[in-house]
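Please consult the sequence and the structure shown below while reading.

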Amino acid sequence: MNQPNSPSPLPPSGPRMFQKPGASFPERSTRLSSRSRQTLALMSMTLPGVLLLLIFSYLPLSGLIIAFKNYRAADGIFGSAWAGLKNFEFLFASGAAWRITLNTLWLNGLFIITTLVISLTLALLINEVRSRSRALSGFYQTALFFPFFLSYVIISYFTYALLSTDQGLLNSVFKSLGLEPVRWYSEPSRWPLILVLVNLWKNVGFSVVIYLSGMLAIDPEYYEAAALDGASKWQQVRFITLPMLSPLITITVLLAIGRIFFADFGLFYFVTRDTSLLYPTTDVIDTYVFRALRQLGDFGMAGAAGLYQSVIGFALVMFSNWIVKRRDPDRALF
Amino acid sequence: MTAPALELRRNRSTPLPPIHYAIHALLLLVSLLFLFPLLLVISASLSSESSLLERGYSLIPQAFSTEAYQYLLRDPSQLLRAYAVSGLVATVGSATSLLVMALLGYALSRPEFKFRGVVSFVVFFTLLFNGGLVASYILNTRYLGLSDSLLALILPYLVVPFYVLLLRTFFAALPSEIIEAARIDGAGEWRIFFSIVLPLSTPALATVGLFSLLLYWNDYFLGLLYLSDPAKYPLQLLLFNILNNIEFLNKLPTSQVATVVPPTQTVRMAMAVLATGPAAFAFLMLQRYFVRGLTVGSVKG
């Protein structure tokens, strides 16, 4: 396991044990040396990438033990005293673990469902008019796709312009309708809906593009045959488009479910403006870990929450990949 | 392609079916809703401070004024510096990242590469399991000394396994005869990569390059974690701090503004517009590459 990992130059003969059985060539010295030169060249190509991964992805794995330590900066990760399961006890006893788990799962679940339904609907509508109105369809796609390219920092300016208590547009509209203005940034009960809408606004365009490209790949002869048989538009959607698209939809949704334990930090941190009044409905694992680390400086508990997320997240990815693999092995991640 | 053929077959002069008008009306409405927040912020940035404070945000400036922009442009150094940091990080980062990932993806796409299985595992395992934020943070600040260094904004995003996967899939679909022919002519792997594979792969490289550029340009997270020196703040981090704390905005020497109250609300919005503008323009120019790249990816699987 370790030897092929290390990118050290191999002896010209090359160890035969890593070669696949069928791939061996007749033992001719010129052939061999050119093959090992090739292996060497390919190894050297992977070197920068593998090194970066070892440093920035694999080295931190050793730091996972911090979840079981009473971390003190002066002692470092390995010098700090062991704390057993104290960090976890604290995390779960405070009720925080329950809250952030529930928020993460329930909000991400809402995001997956709403994004699927809305983007599929919009893609079907655009697909319907696309062949007759190219320019307008292009405009729709651009308008829908545009927010995907903005960062949540910029988006938080937009939401602030809408939601600010004294100057926000929504409250102006409420006032002109004779309704009570709402203090949006201090009412947690409103936020699941707000977050769903902001998430839709930013991400739906991306899914629309994916689904539209899937629809473009459907052979138009199916529709022509169906139309000849007198099928209505709705029947064509129901019995041609959706079935043809179902592998793409399944994979997209399953991959999203695999990531359901990981929240979009920018959405939950910037759009809520990190308002503590809103934590009951908007605090997710990622924001909790960030705050524990950067604001409280509680490395042990942040580490415990992070390890909890990594482990459950890993299980969910494996699970959804297992389902993907059963349905469509080509689309499985591994 | 079948789409143009289909269009030819249809008679263009027949009137649109009535249902199309309803669909267009709905889609137009949705599109305008999507553009609405952007217009709101632009309008606010062009309003006078007093009208914004009194009457709030509106779609059309109630009292047109460019005072916010004038205020910002009197001393644009803070904004320009943040632009320079973001630009530097995004260009250096995405160019380096593209090279590193393409090399990695190419090696992984060659079936005769002896260590393909092992290296693939090393790359893709990181998609599944990671050490989490805390360990990376301690490693980068304490052991690698990346605090307050621009390298902290670049290095962690250089290898994105998902993009390596995309590039690998694309390279693997190139006709192997061309590579074989070059090999028989005596070209080494590096030569083949640079003079044959890369020129044939511009669509994939463009898509991944753009995604990487976007990742760097829009990133706030690494800055939030590793930077404490405001002089090194990239654009997104500067904007975040200004929204939360207007004091963060460069103060002009008091003699200049003694009589003027700084138009803080509108200045915030003008700042957002100035930060979004170029990126939005680039998006309009480049979006078709995104769409094309995604289309290739999803059709090929």
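Leaving out residues up to four places away in sequence, Met101(B) touches Gly49(A), Val159(B), Tyr163(B), Val164(B), Leu167(B) and Val208(B). These contacts, like every value in this report, come from a predicted model.

Met101(B) is also one of the residues with the most contacts inside the largest nonpolar core, together with Ala161(A), Ala305(A), Val41(B), Leu167(B) and Leu239(B). That core comprises 164 residues. Helix H5 of chain B, spanning residues 77-109, provides the largest share of this core, with 14 residues. In soluble globular proteins, nonpolar side chains tend to be buried together.

## Contact between the chains

The contact between the two chains involves 86 residues from chain A and 83 residues from chain B. On the side of chain B that touches chain A, 58 residues are nonpolar, 21 are polar and four are charged.

## Chain A

Chain A contains 15 helices and two strands. Of its 334 residues, 38% are buried. Among the contacts in chain A with a separation of 6 or more, 66% join residues 24 or more positions apart.

The loop between helix H12 (265-271) and helix H13 (279-282) of chain A holds Arg273(A), and Asp274(A) is found in the loop between H12 and H13 as well. Phi of Arg273(A) is near 55°, a positive value in a residue other than glycine. Asp274(A), likewise not a glycine, has a positive phi of about 45°. Arg273(A) counts as partly exposed because 15 other C-beta atoms lie within 10 Å. Asp274(A) is partly exposed because it has 19 C-beta neighbours inside 10 Å, whereas a buried residue needs 20 or more.

## The domains of chain B

The domain assignment divides chain B into domain 1 (19-76 + 230-300) and domain 2 (77-226). Taken over C-alpha atoms, the centres of domain 1 of chain B and domain 2 of chain B are separated by 31 Å. Contact between them involves 23 residues of domain 1 of chain B and 27 residues of domain 2 of chain B.

On the side of domain 1 of chain B that touches domain 2 of chain B, helix H14 (235-244) and helix H16 (264-300) of chain B each supply at least two residues. The largest share of that side, 10 residues, comes from H16(B).

## Helix H4 of chain B

Which residues of helix H4 (residues 67-74) of chain B are buried? They are Ala68(B), Tyr71(B) and Leu72(B). Viewed down the axis of H4(B), the buried residues fall within an arc of 95°, so they line one face of the helix. An α-helix has 3.6 residues a turn, so residues three or four places apart point the same way. Gln70(B), Leu73(B) and Arg74(B) are exposed residues on the face of H4(B) turned away from its buried side.

## Asp148 of chain B

Asp148(B) occupies the loop between helix H7 (132-143) and helix H8 (151-154) of chain B. Asp148(B) counts as partly exposed because 13 C-beta neighbours lie inside 10 Å.

Apart from its neighbours within four places in sequence, Asp148(B) is in contact with Tyr226(B), Leu227(B), Ser228(B), Asp229(B) and Lys232(B). Asp148(B) and Ile192(B), which are 44 residues apart in sequence, are 40 Å apart in space, C-alpha to C-alpha.

Methods
Residues numbered from 1 in each chain as written. Chains lettered and ligands numbered in written order. Predicted model: local features only at pLDDT ≥ 70, side-chain atom pairs only at ≥ 80, totals over all residues. Core = buried A, V, L, I, M, F, W, Y, C linked by C-beta atoms within 7 Å. Buried ≥ 20, exposed ≤ 12 C-beta atoms within 10 Å, placed from the backbone. Helix = DSSP H or I, 4+ residues; strand = E, 2+ residues; numbered from the N terminus. Contact = placed C-beta atoms within 7 Å. Domains from an automatic or database assignment. Nonpolar A, V, L, I, M, F, W, Y, C, P; charged D, E, K, R; others polar. Arc of directions from axis to C-beta.
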